[in-house]
Amino acid sequence: MSGGRPMAGDKTMTAEEVVGRLRSGMTVGIGGWGSRRKPMALVRALLRSDVTDLTVVSYGGPDVGLLAAAGKIRRLVAAFVTLDSVPLEPHFRAARERDALELTELDEAMFMWGLTAAAHRLPFMPIRAGLGSDVMEVNPGLRTVRSPYEDGEELVAAPGLRLDAALVHLNRADAHGNAQYLGPDPYFDDLFCQAADAAYVSCERIVDSARLLGDAGPQTLLVPRAFVTGVVEAPRGAHFTSCVPDYGRDEVFQRAYARAAAEPRAWREFTERFLSGDEDAYQAAVTAFHQENPDNPETPANPADPEKEEAA
């Protein structure tokens, strides 16, 4: 375990400080879903580090792809790895084809209940998901249990997915670690944080605590501060995945990413242009990328100015 869980106070950090608390060999959960609200600024910081040999637990998207391309994943626990509009993440596919990582493939519901079991510090959760499916065949280590009651029903024992650390991205947070989503789906980010020994939240904007409830109802306060170790303000920190309503997925850039992943020379050029510097350099390179094609109808608008939004 790295870090702790202070209950109050200022928990703001930089992405580099978060990654500085991670160690090679850890089990790291990454929130979001496919190519939606992934903590990409934290993932990019992880790419710049020497941390490796990770077990990654994720409803996978480009987070898994980038870490796999960098050779940082030893074992992956996932229900899928997709870019949504690109059905199969290209770097993940390449890693599997060359047998570069171990894969534990779980049913989506089994994955969720595994996080739930870990959140409650249980070794497993009895569920029906997976019974009669090939998930039991491709995971021979999975076990079943029988109900101790009169029904005697046989159930799958979904193993708890306990995490050393969790990385998630939400729309807003305060400095104490209370984090809010404003889009249509929580993507189980709360379970990732609760299942982890240390949880790190990046967000589009850190605001005063009172603003969290001023902008939306209490049900949007997804992650309470008790489960958060550190908070990172990272505007457009989910790019190129979506972070609705702040911005949608950058489909133009995602297609460029997928094309580059298909050819080693193109990927080297992509890495040199977009991934060789810090987060500010990445965001500047993305802006320049879109300025080269200003008439592209899918080129995203510039992100809102936080100061203007605050004034509004």
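Mentor: In this predicted model, D50 lies in the loop between α2 and β2, and D50 touches S24 and K72 when residues up to four places away in sequence are left aside. The C-alpha atoms of D50 and M26, which are 24 residues apart along the chain, are separated by 13 Å.

Trainee: Why is D50 called exposed?

Mentor: The relative accessible area of D50 is 68%, and exposed means over 50%, so D50 is counted as exposed.

Trainee: What makes the pair D53 and R74 a salt bridge?

Mentor: The N to O distance between their side chains is 3.5 Å, and a salt bridge requires a side-chain nitrogen of Lys or Arg within 4 Å of a carboxyl oxygen of Asp or Glu, so the pair qualifies. Because D53 lies in the loop between α2 and β2 and R74 in strand β3, the pair ties together parts that are 21 residues apart in sequence. The structure holds 14 salt bridges.

Trainee: Which class of accessibility do D53 and R74 fall into?

Mentor: D53 has 36% relative accessibility and R74 has 35%; buried means under 20% and exposed over 50%, with partly exposed in between, so both D53 and R74 count as partly exposed.

Trainee: How do you know that D84 and R249 form a salt bridge, and what does the pair tie together?

Mentor: The closest N and O atoms of D84 and R249 are 3.2 Å apart, which is set against the limit of within 4 Å. D84 lies in the loop between β3 and α4 and R249 in the loop between β12 and α9, so the pair ties together parts that are 165 residues apart in sequence. D84, at 22% relative accessibility, counts as partly exposed, and R249, with a relative accessible area of 22%, is also partly exposed. R36, D84, R249 and E251 are linked in a network of salt bridges.

Trainee: Why is D197 called buried, whereas R162 is called partly exposed?

Mentor: D197 has 16% relative accessibility, and buried means under 20%, so D197 counts as buried. R162, at 43%, counts as partly exposed. The side chains of R162 and D197 meet in a salt bridge with an N to O distance of 2.9 Å.

Trainee: What caps the N-terminal end of α4, and which residues of α4 are buried?

Mentor: E89 caps that end, with a side-chain oxygen 2.7 Å from the backbone nitrogen of H91. In α4, P90, H91, F92 and A95 are buried, and the buried residues of α4 pack against α3, β3, β4, α9 and α10. After α4 comes D99, whose phi is positive, near 55°.

Conventions
Residues are numbered from 1 along each chain as its sequence is written. This is a predicted model: local features need pLDDT of at least 70, side-chain atom pairs count only at pLDDT 80 or more; totals for chains, interfaces and linings use all residues. Side-chain values use heavy atoms; hydrogens and water are left out. Buried means under 20% relative accessible area, exposed over 50%, partly exposed in between (1.4 Å probe, protein chains only). Helices (H or I, at least four residues) and strands (E, at least two) are DSSP runs, numbered from the N terminus. Contact means heavy atoms within 4.5 Å. A polar contact is a pair of N or O atoms within 3.5 Å; within protein, one must be able to donate a hydrogen and the other to accept it, and residues adjacent in sequence count only if both atoms are side-chain atoms.
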